[in-house]
Amino acid sequence: MKLTKLPKEFAEAAPLLKKIEAAGYEAYFVGGSVRDTILGQPIHDVDIATSAFPAEIKALFPRTIDIGIEHGTVLVLWEQAQYEITTFRTEAAYQDYRRPDKVDFVRSLKEDLKRRDFTINALALQEDGVIIDLFDGLADIDNQILRAVGHPQERFHEDALRMMRGLRFVSQLGFVLETETLAAIHANHALLGKISVERIMIEFVKLLLGNHRNQALRALVETECYIYCPGLREYGEALLRMADLPAIPLENETAAWVLLIDQMGLAPEAVRSFLKAWKCSNDCIRQVHTAYQALLARRNGEWNDLVLYQFGLEATCLAEGLLRYDNQPNDPAKISQRYQQLPIHSLKELAINGRDLLQTIDRSSGPWLKEVLTAAEAAVITRKIPNEKEALLAFVQAYLAKEG
């Protein structure tokens, strides 16, 4: 197969391949960018594989950085771009199911490609557009099949994360796992216990965000890989419920976590520990927790101004949008407009502050300040009084007199 027109990302990098080839070595574009080009999808990172050894690449290009030279990878700075160029290699046994015990540099493209995970990723592209396909990856792309290169047992013992990557590709591409590959994932799913949570999380989030999420979730449960995902061991049925929801792609990671947690039926106070087990950032945990509470509040009735203000624009719009998975009417744009029309959007916008109160009211500082400002804030949001200093001070004095 030959591509008649290369994406601009490849065209811009083609001079590097020509330079390497002019020095007597082989060089190809490899990996996901080749697969995505064939599928007509946008490409991201352009990876180059070569028969030249790292020292030989460094001798060819004046500006390089050793980013993984022990594994054969050199970063080449070329004009305004940078490219990872990796020497063809073979790998010895993987004692920890994550990293090879030893890497050997070789001159053979076939030896390099046969260590890759799936046939659709074991394609090489020449700078003239010719595709090198040694493992029938093109046929698998045509048939939408996800097949391990060579023996799937070996591939998953080399790097157990490949099982999660396979499930992620199901979600992103809509491909079906080939029978032996699926069976090997099921047989070896316990090896995920050897993989760090951080690596599993990256693949899991991508799985949730894929266009074919439901198909992948069913495969996640079928292979029992979910058992080795933090906090999910007892939630296979919840994952299958999620797989039965409308097949609408999720917009972002926060929405993905909220929808999952909702299907699990977690209490709001359990959200933090669940996401901590996944090594999520504090910012992510805060956003998910707020949006989940907003979703639960929305299910109890229509939004009111105080609730919109309390949860904020991002959380309320996200929660409103998630109603589509309940097949419920939803209108995030309308909610956004309502939020924008609130009299204030934070306490900082209130026309009075603690200093104003201390100057006006004959009381020393104390907890009453926060209580009064909160009451004034709510009165403004619900439009009981305007956000004007004199009106607010009068409200505060009346409030304190009533409270005694």
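1. A pocket here is an open set of points, on a 1 Å grid over the protein atoms alone, with protein on both sides within 12 Å along at least five of seven lines; lining residues have an atom within 4 Å of a point. This is a predicted model, where local features need pLDDT of at least 70, side-chain atom pairs count only at pLDDT 80 or more, and totals for chains, interfaces and linings use all residues. Residues are numbered from 1 along each chain as its sequence is written, and side-chain values use heavy atoms, with hydrogens and water left out.

2. Do start with the largest pocket, which holds about 1,700 Å³ of space (the space filled by probe spheres set on the grid points). Its lining has 45 residues, and Gly31, Gly32, Asp47, Arg116 and Arg165 are the closest to the centre.

3. Domain 1 (1-142) and domain 2 (143-243) both contribute lining residues, so the largest pocket lies between them; the domain bounds come from an automatic or database domain assignment.

4. Helix H7 gives the most to this lining, with 7 residues (helices are DSSP runs of H or I, at least four residues, numbered from the N terminus). The lining of the largest pocket comprises 19 charged, 15 nonpolar and 11 polar residues, with Asp, Glu, Lys and Arg as charged and Gly among the polar ones.

5. Have a look at Glu203 too, which sits in helix H9 (residues 197-209). Glu203 counts as buried because its relative accessibility is 5% (buried means under 20%, with a 1.4 Å probe and protein chains only).

Conventions:
Helices (H or I, at least four residues) and strands (E, at least two) are DSSP runs, numbered from the N terminus. Buried means under 20% relative accessible area, exposed over 50%, partly exposed in between (1.4 Å probe, protein chains only). On a 1 Å grid over the protein atoms alone, a cavity is a set of points where a 1.4 Å probe fits but cannot get out, and a pocket is an open set with protein on both sides within 12 Å along at least five of seven lines; lining residues have an atom within 4 Å of a point.
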